[in-house]
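Student: I have the sequence and the model open. Can we work through the fold, piece by piece?

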Amino acid sequence: MDNKEYRVLRSLSELEPYPDLAVDTECDSLNKMEARLLGVSFCGEPGRAFWLPAEKLRPRPLERLLRSKRLIFHHAKFDLTLLQRHGVDLTNADIFDTLIAAHLLDENRPKSLKRLARDLLGDESALENEGYFDDPYQLPLFGDKPTLEQYACADADYTFQLFQRFKPHIDLEPTLAHLYYTCELPTMRVLRKMEMTGFLIDTEHLKRIGNAYRRRMQELELEIWAAAGKTFRVNSPIEIARILYKDLSLPATRQTRRGRPSVNQWALEALRHRHPVVPLLLEHREMKTLLDNYVDKLPQLTHPETGRIHCSFNQTGTVTGRLSSNDPNLQAIPRGDAVRSAFVAGEGRVLIDVDFSQVELRCAAHYARDPKMMAAFQQEVDLHKKTIADMLHKPIEDVTPEERALAKAINFGLIYGMGAKALSATTGLSLSEAEAFIDAYFTAYKKLRSIRKEVLAYTRKRRYIVSMFGRRRRFPKGDARTAFNSMIQGTAADICRAKMIRLDRELPPDTQMLAQIHDEIVFEAPAECAEERVQQIVDIMQAPVRGFNGRLFRAPIRVEAGWGPNWGAAK
């Protein structure tokens, strides 16, 4: 830091000359809804940054100044929320987020500010202090380390330099610029509103189902011992592996990194139909996961003032563009589980759950232009029933629920390249039956196989694939086996983003988006106008969408909607 000017801000007038200003906050917690602001740093030119301690911050003058500039953040969602809670509301300000830019320019790289500073700006000292001020009360213990003022100014400086590096690359490529400015930045704003609104939690309901789960786990333990023929610790991976692979001689289909037989979720799913103890172990494991991650944890995550959980949605956490969430991970809550009923609407309000119908299959049909798939969607025929009816050469009305469930596993598995062994493990079919089903499937949907081959060849040649919204998935090592999967998932994710942006813009203020989970969006609305709001939401979500080049998404988009006093009832 010898050649840098990092100092305390004497007057806001020192920031006036800068049209572009990097802003970074420092606080005493990673929970942005409860953290206490310690100060803000600013940088408008490389190597020169200013520190404003929280005790000297005057919210209104600072807000007026910042609203006159383009503001640069690294993870804007966090900083904007923290500043708003401390009186500086920058909603709708001109924002550039270097975290989102870093992700769009290379989704495969680490994107922490310090790592980018080292890797792209050449500051080898950046990582030395990463996370150093997570606990600011320990600062006096480290006299040989930079002060909080220096640390914060360095972060603002890094952010500004990354902006100078990233923005020309974003603006140079029209598809990337379209994705960044019309999709990702608006999505960030929508997610921030969702996080601040939060989900109301019924803690008494969680206590009741927690007691029920513990009783069921005790029953399962006895059933597991009976099925295995001996007692063992059902939470011990070592003992489970011994029972399954040694005592019961089941085949070990997966290995750990150390080369031992695995008993993770995927390994057990592959054995589900091989022995009655396996589904019992899976149910016990799911119960324990729900208890540890939700039933016992949600009350601890509930905000003391709002009574709601304010989870964090991550739009840069996956290489395909899918959203993820943490504290809690809403994506991991099983559909239809009693845990969902703990997420409730406020008084006089309802939750509305709207689920895209088979959106990834519709994406596959869009790209493959398979006539049978497209016809099924256009005629609003149940594709799963049609799939199995075509494969078994029987009328669609004669398809049984079991056959439809099999078709669902086949449809979602085979568009992503599932082989005969995996299909056999997933469905319980014999290997020869699985092979026959795969042959029948691609006989029925010939274009699906050919488009997979075309995408694979294209990606191996260019080492990337681009979705209809301009999202690029790179394969720098040339291993493009998941290219088609990425294109499908990326397109589905961007359709959802486009709808969320429009919903946020067009729905009345009395209706708020609360969460986006896989292909679902959850809203809270007044009970007296629930039907009207549902119709508005459905109309927006089923409206046609166009890609970055104006081309229409070929398959019709359909959704299923419901509402009720809690998330479980709404579904």
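Student: Is strand S15 (residues 512-517) largely enclosed or open, and why?

Tutor: This is a predicted model, where local features need pLDDT of at least 70, side-chain atom pairs count only at pLDDT 80 or more, and totals for chains, interfaces and linings use all residues. Residues are numbered from 1 along each chain as its sequence is written, and side-chain values use heavy atoms, with hydrogens and water left out. Buried means under 20% relative accessible area, exposed over 50%, partly exposed in between (1.4 Å probe, protein chains only). Five of the six residues of S15 are buried, so the strand is largely enclosed.

Student: What phi does His518 take in the hairpin of S15 and S16?

Tutor: Two residues sit between the strands of this hairpin. The phi of His518 is positive, near 55 degrees.

Student: Which strands stand at the edges of the four-stranded open sheet?

Tutor: The order is S15-S16-S12-S17, with antiparallel pairing. Each edge strand has a single partner, so one side of each is left without a neighbour in the sheet. The edges are S15 and strand S17 (559-564).

Student: Helix H19 (residues 483-506) packs on that sheet; what angle does its direction make with that of S15?

Tutor: Axes are lines fitted to C-alpha atoms, for helices over the stretch in contact, and angles run from 0 to 180 degrees between N-to-C directions. Contact means heavy atoms within 4.5 Å. H19 touches S12, S15 and S16. Its angle with S15 is about 170 degrees.

Student: In S17, which residue is the bridge partner of Ile352?

Tutor: Strand S12 (residues 349-356) pairs with S17 in the antiparallel sense. Six bridges hold that pairing. The partner of Ile352 is Trp563.

Student: How far apart in space are Arg533 and Ile352?

Tutor: Arg533 is found in helix H20 (residues 530-542). Its relative accessible area is 7%, so Arg533 counts as buried. Not counting residues up to four places away in sequence, Arg533 touches Ile352, Pro508, Asp510, Thr511 and Ala525. Arg533 and Ile352 are 181 residues apart in sequence, yet C-alpha to C-alpha they are 8.7 Å apart.

Student: How many residues does the largest nonpolar core have?

Tutor: A nonpolar core is a set of buried Ala, Val, Leu, Ile, Met, Phe, Trp, Tyr and Cys residues joined through side-chain atoms within 4.5 Å. Leu244, Val339, Phe343 and Leu448 have the most contacts inside the largest one. Its largest share, 10 residues, comes from helix H10 (residues 277-295). The core has 121 residues.

Student: Which residue stands opposite Ala22 in S5?

Tutor: Strand S2 (residues 20-27) and strand S5 (residues 70-73) pair in the parallel sense over three bridges. Both belong to an open sheet of six strands, ordered S1-S4-S3-S2-S5-S6, with mixed pairing. Opposite Ala22 stands Ile72.

Student: Is Tyr18 buried or exposed?

Tutor: Tyr18 lies in the loop between S1 and S2. Leaving aside neighbours within four places in sequence, Tyr18 is in contact with Gly44, Glu45, Arg48, Phe50 and Lys69. With a relative accessible area of 8%, Tyr18 is buried.

Student: Where in helix H5 (residues 148-172) does the kink lie?

Tutor: The bend at a residue is the angle between axes fitted to the seven residues ending there and the seven starting there. In H5 the kink is about 30 degrees. It comes shortly before the proline Pro168, at Phe166.

Note on methods
Two strands pair if DSSP finds at least two bridges between them.
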